[in-house]
Amino acid sequence: MSLEELYREVILDHYRNPRNRAPVPNPDAKAEGVNPLCGDEVTVELSFDDGRVGAVAVRGQGCSISQSSGSMMSEAIKGRTLAEVRDLIARFKALMDIEGSLELDPDRPGAVLGDLEALQGVKRYPVRIKCAALPWTTLEQALDS
Ligand code: ZN
C-alpha cells in the first residue's frame, strides 16, 4: 500500500466513523462554520476541565475532507491545554501551507499531528484546503468567542 493509499484509508475511516460527535452539555466554547465553496458545515463544542479540553464535539455535514478533518481534530485536541490547542492549530496550518503558520521542520511538519498528516495530500487541490481547514477555523472562532 502506498503512502497515498494509506492516507486515503485514514481519511475515509474518519469520514465513515467520525469520532466525538455527541453534543457537549453546557459547552464553554461553541462555534459554527460553513464553507460555501463546497457546502460544508461544522459545529464545534468544547468544555474545559481543569485547564484542559475535557469534552469535545465536532459535528457537521459535507465532503469527506471537511468531516474527516473535524473528526481527527476532535481526537487531537482532547486533553490538551489551551496553549497546546493553539499550537496544534498553528501546526495544522503549517501542514497545509496556510498563511500565518509556524515555521516547522520542513520534512515532517505534521509529525505531532498523528492521523492529521493524512490530510497533507489535500494541498495539491487548493480548493479542498478550505474544506480541511473549516473545522480548525471554526475551533479558532470558538476559542476567541
Ligand atoms: Zn468540502
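Reply: In this predicted model, Phe92 and Trp136 are both buried, a word kept for residues under 20% relative accessible area.

Me: What makes the pair of Phe92 and Trp136 stacked?

Reply: Two rings pair if their centres lie within 6.5 Å, and planes under 30 degrees apart count as stacked. The ring centres of Phe92 and Trp136 are 4.4 Å apart and their planes stand at 10 degrees, so the pair meets both limits and is called stacked. By this rule the count comes to one aromatic pair. Because Phe92 belongs to helix α3 and Trp136 to helix α4, the pair ties together parts that are 44 residues apart in sequence.

Me: How do you know which residues coordinate the zinc ion?

Reply: Donors are N, O and S atoms within 2.8 Å of the metal, and the atoms supplied by Cys38, Asp40, Cys63 and Cys131 lie at 2.1 to 2.8 Å, so they count as donors of the zinc ion. Along the chain these donors follow the spacing C-x1-D-x22-C-x67-C. Asp40 lies in strand β2 (residues 40-49) and Cys131 in helix α4 (residues 126-144), which means that this pair ties together parts 91 residues apart in sequence. Both Asp40 and Cys131 are buried.

Me: Which residues have the most contacts inside the largest nonpolar core?

Reply: They are Leu46, Leu119 and Leu139, in a core of 36 residues. The largest share of this core, eight residues, comes from α4. Leaving aside residues up to four places away in sequence, Leu139 touches Val44, Leu46, Met73, Ile77, Val85 and Ile89.

How values were computed: Residues are numbered from 1 along each chain as its sequence is written. This is a predicted model: local features need pLDDT of at least 70, side-chain atom pairs count only at pLDDT 80 or more; totals for chains, interfaces and linings use all residues. Side-chain values use heavy atoms; hydrogens and water are left out. Donors are N, O and S atoms within 2.8 Å of the metal (3.2 Å for Na, K and Ca); water is not among the atoms, so sites may look incomplete. Helices (H or I, at least four residues) and strands (E, at least two) are DSSP runs, numbered from the N terminus. Buried means under 20% relative accessible area, exposed over 50%, partly exposed in between (1.4 Å probe, protein chains only). A nonpolar core is a set of buried Ala, Val, Leu, Ile, Met, Phe, Trp, Tyr and Cys residues joined through side-chain atoms within 4.5 Å. Contact means heavy atoms within 4.5 Å. Rings of Phe, Tyr and Trp (its six-membered ring) pair if their centres lie within 6.5 Å; planes under 30 degrees apart count as stacked, over 60 as edge-to-face and the rest as tilted.
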